[in-house]
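I opened the notebook to record what I looked up in this model, topic by topic. The entries below follow the order in which I went through it.

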Amino acid sequence: MRPYILAEANWKHIHDQPIDLVILPWGATEAHNYHLPYATDVIEADTIAAESARLAWEQGAKVMVLPTIPFGVNTGQTDILLDINLYPSTQKAILNDIIEVLNRQGIHKLLILNSHGGNDFKTMLRELGVQYPNMFLSTCSWFNTLDKSKYFDEPKGDHADEMETSLLLHLRPDLVLPLDEAGDGAAKKWKVQALREGWAWAERKWSQVTEDTGIGNPKQATAEKGKRYFEDVTQKLSGFLLELANLDVKALYE
Ligand SMILES: [Zn+2]
């Protein structure tokens with residue numbers, strides 16, 4: 001039993017355990033090219049949260065990881081088989097209920113560890129922060145913690161790409177098909193210049209952008225690349241968790 005993983009902990013061990021920071025990992029259930037499992041984002045969320053929390057715990061941080069929410073926002077993939085969509089308004093309702101429990105029980109810091117590009121919690125946390133003024137609410141997407149180009153030969157993708165494939169080859173090689181069965185993850189470009197250049201935004205219509213549901217070529221992925229990236233992501237995140245856990249929310253700035 002890891003005492004910082006709620007799903008494994010029992011009430012006997014934790015009922016008087018101090019908890020400064022709760023971590024809520026949030027994934028998605030969706031197709032990942034031909035070769036990665038639907039739970040890719042959930043597996044990444046589970047493992048990255050647990051390892052980051054372990055490293056922080058060993059440095060004295062009183063953290064607790066909640067079970068990963070397995071469904072995310074998949075509004076751009078309505079026609080892709082069994083991509084399970086949670087609307088942002090549903091996510092906010094879930095968040096409200098979790099925050100209400102934490103707030104009532106005097107656990108005043110929450111980090112949402114996001115594992116899926118379609119999830120966007122910032123506006124929700126702004127709104128919930130007004131409703132729960134004693135809560136310190138934060139969010140971070142683990143895939144933005146490091147410069148991918150230092151780890152991968154094809155760093156441009158963002159879905160079932162070399163990075164995600166390498167991670168899964170490291171974490172769950174039993175669930176990855178041979179890479180010659182993967183599509184090339186080629187993504188079409190927007191016709192509209194501002195969208196193409198990225199300074200304007202519209203949601204991607206997934207099945208128009210890519211043939212195989214992937215965005216980014218996975219072919220050069222290896223377990224070694226995944227291991228190195230996983231270790232550095234969790235190391236960096238653990239420092240963040242430690243800082244958050246120890247943060248005095250009445251004195252946030254210097
Ligand atoms: Zn993913």
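I counted a contact wherever heavy atoms come within 4.5 Å, and I took helices (H or I, at least four residues) and strands (E, at least two) as DSSP runs numbered from the N terminus. The model is predicted, so local features need pLDDT of at least 70 and side-chain atom pairs count only at pLDDT 80 or more, while totals for chains, interfaces and linings use all residues. Residues are numbered from 1 along each chain as its sequence is written, and side-chain values use heavy atoms, with hydrogens and water left out.

**Helix pair.** I looked up which residues meet between helix 3 and helix 4, and found Pro88, Gln91, Lys92, Leu95, Asn96 and Ile99 of helix 3 against Met124, Leu125, Glu127, Leu128 and Gln131 of helix 4. These contact residues divide into 6 nonpolar, 3 polar and 2 charged, where Ala, Val, Leu, Ile, Met, Phe, Trp, Tyr, Cys and Pro count as nonpolar, Asp, Glu, Lys and Arg as charged, and the others, Gly among them, as polar. The axes of helix 3 (residues 88-104) and helix 4 (residues 122-131) come within 11 Å and cross at roughly 35°; axes here are lines fitted to C-alpha atoms over the stretch in contact, with angles from 0 to 180 degrees between N-to-C directions.

For burial I used under 20% relative accessible area as buried, over 50% as exposed and partly exposed in between (1.4 Å probe, protein chains only). His32 is buried at 0%, and Asp41 is buried at 2%.

**Positive phi.** Most residues other than glycine have a negative phi. I found that Leu82 has a positive phi of about 60°; Leu82 sits in the loop between strand 2 (63-65) and helix 3 and is exposed at 58% relative accessible area. Ala160 has a positive phi near 55° and lies in the loop between strand 4 (136-141) and helix 5, but Ala160 is buried at 0%.
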